[in-house]
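Please keep the sequence and the structure in view while reading.

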Amino acid sequence: MSISRRLFIGSAAAAGTAIAAGAPASASTDNCQGGFPEVTIKPDDPRYAELVARGFNQRYIGKPDQAHVVYTPAQIENVLNSAVKNKQHFSVRSGGHCFVGLVDDPANKVLIDVSEMKGVYFDQRMKAICVESGVTIGELLRSLYYGWGVTLPAGVCPSVGAGGHISGGGYGPLSRKFGLTVDHLYGVEVVTVGADGRAKTVVATRNPSDPNRDLWWAHTGGGGGNFGVITKYWFRTPGVSGNDPAQLLPRPPARLLSCWATWSWDGMTEQDFKRLVRNHGTWHAANSAPGSAYESLHSSLHLNRKSVGSIFLEIRIDGTLPNAQKLLDDYIAAVGAGVSVKVNAMPWEGLFLANAVDVWVDPTGSNRNETKGSNLRKPLNDEQVDTVWRSLTDPQRQGQGKVYLASYGCTINTVAPSATAVPQRSSMFKMAVGTSWADPAEDAAQVQWVRDTYTGIHKATGGAPAPNDAQDGAYINYPDLDLLDPNRNRSGVPWSTLYYKDNYPALQRIKAKYDPTNVFHHPLSIRPA
């Protein structure tokens, strides 16, 4: 079936040397890929166009003077030393899925591409599984599962890079069961730049005695492009120890029961629509607490524009549960209760890895995108549902736009807001408003539709998800430059609080410590204290 959340939103083990926690901060942990030379590509090179244009959102294509494909921390140090010396602004790319132009800003003169740093291996000295920052989510899940039968609760888009996905928190279909990806983060390796303008590689872990523990904490949701170039992550679930990598991370269900449940827009009345959305919210309000019988269920409700033709609910649940089918059936029945349009449910059961990611590719070529996100602590209220109805049914607005509500809560909300840099630990949904299109001539109209819908939903708080009892700010992996603009964010709450809440001052202090001259910066980067 040609349906995918990727219409607008992002979803071999090798032995290597590593450094133990507590080793000197300047130590390098280059592995066997150290034999690859750094590659420098300039505009006259035939590889240049492919490299700079491989980003997910084709509204933004950078024009760096030079792009560097790197394989080791030492190579990154060399690139950074040169860029800082020559006062060249740079950006770092892993998977290329930034929604806005933070990486692909034409003002960035140097691009550091870590996408070939793809090691996934058990690090005997760290007693943790090492993941290099260029690994994609699809590669990561495959390596973890085939190698040791374990997994991480990462996202569903296989081409998203680990570098940015993890540093922003890392959220996916298994998060209600296992928490966020960063809840399993043991350590991180980062190439930083000191006050002397020289680059050095720092290893930081969650060990209480680690002098760089604050840098580890900053990478549990502080976002990419803030403190340095991330080269490696190490993973081990808190409280777990030993030398067997098969015991260090969660084991996923061997099978997933999945379903697309669709309701046609044909015959959908306003009353039907509102009942559907309210049913969905009411169900989540009753089934998102820690320990819920539905903690292994993840769903995303795609409230598509009427021109798309249908609304659909994408569902995954642990297929090994003895009552999995009943749980699924009861959920679909609860969401569709009282809706006159009949649901078309298409369930299937499949092996974990084959159903853990969404590999469908949009055949329409809709590679231009605008997306805005929010965390919701309560279901949308009546006024907000009215806004969504009007936006989706406006005959003057056409295209693939949608309001997207993804299940959250359960285990995610058992972690204290200050334990990681992700402060949103009481949410029920992640909401996104977005659309994709192909024709550049549609840019202004499509962006305006997203803006109007998003600000309308958050009208009561000045067009932005200001934290209160019903909403809880935004998600840094859905970066939104409009939150910087007081003409569009009229909430009176600064962008930094929307993303980081009370954790922002600590992030500022860490920024000042590890990037004292602010060489790592972009419009939504953390400002030094």
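Which residue with a positive phi follows H2? The residue is Lys 87, and its phi is near 55°. The model is a predicted one, and the chain has an average pLDDT of 92, with 92% of the residues scoring at least 70. Residues 1-33, however, have a pLDDT below 50, although this stretch makes 109 contacts in the model beyond near neighbours in sequence. Where pLDDT is low, the predicted coordinates should not be read in detail.

**Helix H2**

- Helix H2 covers residues 73-85, and its end C-alpha atoms lie 18 Å apart; this agrees with the 18 Å that its 13 residues should span at 1.5 Å a residue.
- The buried residues of H2 are Pro 73, Gln 75, Ile 76, Glu 77, Val 79, Leu 80, Asn 81 and Ala 83.
- An α-helix has 3.6 residues a turn, so residues three or four places apart point the same way.
- Several strands pack against the buried residues of H2, including S2 (66-69), S3 (90-93) and S4 (110-113). Strands S7 (185-193), S8 (199-205) and S9 (229-235) also pack against these buried residues.

**Helix H10**

- Helix H10 consists of 12 residues, 382-393, and reaches 17 Å from its first C-alpha to its last, close to the expected 16 Å.
- Within H10, Gln 384, Val 385, Thr 387, Val 388, Trp 389, Ser 391 and Leu 392 are buried.

- By type, the lining of the second largest cavity contains 9 nonpolar, 3 polar and 2 charged residues.

- Pro 253 is located in the loop between S9 and strand S10 (255-264). Is Pro 253 buried or exposed? Pro 253 is buried, because its relative accessible area is 11%, under the 20% limit for a buried residue.
- Leaving aside residues up to four places away in sequence, Pro 253 touches Leu 174, Asp 318, Thr 320 and Phe 352.
- The C-alpha atoms of Pro 253 and Ser 300 are 19 Å apart in space, and the two residues are 47 residues apart in sequence.
- Arg 47 belongs to the loop between strand S1 (39-41) and helix H1 (48-52). Its relative accessibility is 43%, so Arg 47 counts as partly exposed.
- Arg 47 touches Val 39 and Ile 41, with residues up to four places away in sequence not counted.
- Met 117 is 70 residues from Arg 47 along the chain, and 18 Å separates their C-alpha atoms.

**Further positive phi values**

- Lys 127, a residue other than glycine, has a positive phi near 55°. Lys 127 is placed in the loop between strand S5 (120-123) and strand S6 (128-132), and is partly exposed with a relative accessible area of 34%.
- Asn 518, also a residue other than glycine, has a positive phi near 60°. Asn 518 is found in the segment after helix H13 (504-514), and is partly exposed with a relative accessible area of 26%.

Definitions and conventions
Residues numbered from 1 in each chain as written. Predicted model: local features only at pLDDT ≥ 70, side-chain atom pairs only at ≥ 80, totals over all residues. Heavy atoms only, no water. Helix = DSSP H or I, 4+ residues; strand = E, 2+ residues; numbered from the N terminus. Expected span 1.5 Å × (residues − 1). Buried < 20%, exposed > 50% of the residue type's maximum accessible area, 1.4 Å probe, protein only. Contact = heavy atoms within 4.5 Å. pLDDT = per-residue confidence, 0-100. Nonpolar A, V, L, I, M, F, W, Y, C, P; charged D, E, K, R; others polar.
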